[in-house]
Amino acid sequence: MPVATPICSRVSASRPAKRSRRPVTGSLTTIHQAARRTVRRLGERQRLRRRPPSETATGVDTVIDGRAVWSFCSNDYLGLASHPLVIAALQAGAQRWGAGGGASQMISGYTTAHRALEQTLAEWLGCERALVFSSGYLANLGVMSALVGRGEQVVQDRLNHASLLDAARYAGARLSRYDHADPGHLALRLRQAPETVLIASDGVFSMDGDVAPLPQLLAQAEAGGQLTLIDDAHGLGVLGAEGRGSAEYHGLEIHRFGLWVVTFGKALGSCGACVLGDADLLEAVSQAARTLIYTTAPPAAQIEATRASLRLCMEDAGPRQRLQAHVERFQNEARRRGLPVSPSPTPIQPLLVGADDAALRWSAALLQRGFWVSAIRPPTVPEGGARLRITLSAAHQEAQVDALLDALEEIAADEGARRGVPL
Ligand SMILES: *Cc1c(COP(=O)(O)O)cnc(C)c1O
């Protein structure tokens, strides 16, 4: 048998040596200039994003920039990310399965652990089938591109998560958006485009913490014959007495919605995602979703961690009840103290401050006082909608929630004095 020439040596052999020594081309210079200009402009507008490196495990007590702080900005709503049983499941999973994903699910990366997780979720949430993805972002892209044809009409809430909006683009769909959580405006959109094939909404909105009007959405979809796709990343484990999420919160059955997406990186404290729905639809998704087929499977060890946290989430309502008590306490107290909170029945509690620089000042002042809360600015939220995105967790102590409220009240007074008005 002839020995095949390695691809890299063939490439380099066929390439004129001179090419690599060519001076920087015009287009490369242009890209460099544009890149520097983009970053400079973002800086001038106070829009640069930073990634402060945390020095501790996910949890309330953390250290950033060498400073010990209480975190109020993770999505680990039930405190499961560092739960001893979840960590033990990840460790045992690594012993049993190894550390990696191996290959695509379609090649050899799908294991009996993945299958068991899918079966547990499908049964618990009352759907025919579940399909696991490496992340929620990839799940949304995969589902929509698999089921919606190029040029077909999709309607979405204006404030949907970026991954749903990007999914419509990736699918090549025509996208129209209705005003946030406004069924009347959705009805108008559907009258304007009765050929619409899909209505998509977050179950809980990631930057506002409010819940979508799912009963009205479902009624319109059933009347118009559209498929619904609900992304319940922030609902699972949090809403409903048993933690089944937005459907349980509204007293609806999940199987009535065409497709339901849940993610494991929020309340379950792990990472990855699942799409749920009827078996025919999901078979089509598994055959066509490029974000499932052409990416490495989520590692089985991580799946074992997700299974452990799902078990805890299903068996023990205690953390969910504690979290709900924090949410109610925070809402009531923040209102009483005149803080600019918006109504949110979920652990996402935005404090709307409006201007970008104000959001940065609030966040810095909180850090000074030992609280880690991130400032969220456009384009993640609409212009003029900069905010602090406070997230509560069952892992917080009531005294920590109270201390945060005290700090916010102080900062609000400073800000009011700064602007010459009481807040
Ligand atoms: C976080 C989030 C996602 C993305 O999920 P990942 O698993 O983090 O990729 C999708 N949708 C919503 C609403 C989210 O909040």
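This report walks through selected features of a predicted model.

Three strands make it up, in the order 1-2-11, and the pairing is mixed. Strand 1 and strand 11 stand at the edges. Each has a single partner strand, so one side of each is left without a neighbour in the sheet.

Strand 1 and strand 2 run antiparallel and are joined by four bridges. Within this pairing, Thr62 stands opposite Val69 in strand 2. Strands of a sheet pair through backbone hydrogen bonds, in a parallel or an antiparallel sense. Strand 1 covers residues 61-64, strand 2 covers 67-71, and strand 11 covers residues 371-372.

The loop between strand 1 and strand 2 holds Asp65. Its backbone stands out: Asp65 has a positive phi of about 50° although it is not a glycine. Asp65 has a relative accessible area of 63%. The cut-off for exposed is over 50%, so Asp65 counts as exposed.

## Strands 6 and 7

Another pairing joins strand 6 (residues 198-202) to strand 7. Here the sense is parallel, and there are five bridges. Ser201 stands opposite Ile230 in strand 7.

Strand 7 spans residues 227-231. This strand is mostly covered, with four of its five residues buried.

## Aromatic pairs

Now turn to the rings. A pair of aromatic rings is described by the distance of the centres and the angle of the planes. The count comes to three aromatic pairs. One of them is formed by Phe72 and Phe371, with 6.2 Å centre to centre and 45° between the planes. That pair is tilted. It links distant parts of the chain, as Phe72 and Phe371 are 299 residues apart. Phe72 lies in the loop between strand 2 and helix 3 (84-97), while Phe371 is in strand 11. Both Phe72 and Phe371 are buried.

Phe257 and Trp260 also pair. Their ring centres are 5.1 Å apart and their planes stand at 50°, so this pair is tilted.

## A cluster, and a charge over a ring

Which residues form one aromatic cluster? Trp70, Phe72 and Phe371 do.

A charge meets a ring at Arg96 and Trp97. The charged end of Arg96 sits over the ring of Trp97, 4.1 Å from the ring centre.

## The largest cavity

How many cavities of 30 Å³ or more does a search of the whole structure find? The search finds one. The largest cavity holds about 80 Å³ of space. Its lining has 13 residues, and the closest to its centre are Gly59, Val60, Ser71, Ser74 and Ser393.

By class, five residues of this lining are nonpolar, seven are polar and one is charged.

## The second largest pocket

The second largest pocket contains about 180 Å³ of space. Its lining has 16 residues. Gly136, His161, Ala233, Thr263 and Lys266 are the closest to its centre. By class, the lining has four nonpolar, nine polar and three charged residues.

Which elements give two or more residues to the lining of this pocket? They are helix 6 (136-147) and strand 8 (259-263). Helix 6 gives the most, with three residues.

## Backbone details in two loops

Two further loops deserve a look. Gln46 lies in the loop between helix 2 (26-44) and strand 1. Phi of Gln46 is near 55°, a positive value in a residue other than glycine. Is Gln46 buried, exposed or partly exposed? At 41% relative accessibility, Gln46 is partly exposed.

Where is the cis peptide bond that has omega of about 10°? This bond joins Pro378 and Pro379. Pro379 lies in the loop between strand 12 (374-376) and strand 13 (386-391).

How values were computed. Residues numbered from 1 in each chain as written. Predicted model: local features only at pLDDT ≥ 70, side-chain atom pairs only at ≥ 80, totals over all residues. Heavy atoms only, no water. Phe/Tyr/Trp six-rings, centres within 6.5 Å; stacked < 30°, edge-to-face > 60°. Buried < 20%, exposed > 50% of the residue type's maximum accessible area, 1.4 Å probe, protein only. Lys NZ or Arg CZ within 6 Å of the ring centre and 35° of its normal. 1 Å grid on protein atoms, 1.4 Å probe; cavity = no way out; pocket = protein on both sides within 12 Å on 5 of 7 lines; lining within 4 Å. Points joined across faces, edges and corners; volume = space filled by probe spheres on them. Nonpolar A, V, L, I, M, F, W, Y, C, P; charged D, E, K, R; others polar. Pairing = 2+ DSSP bridges.
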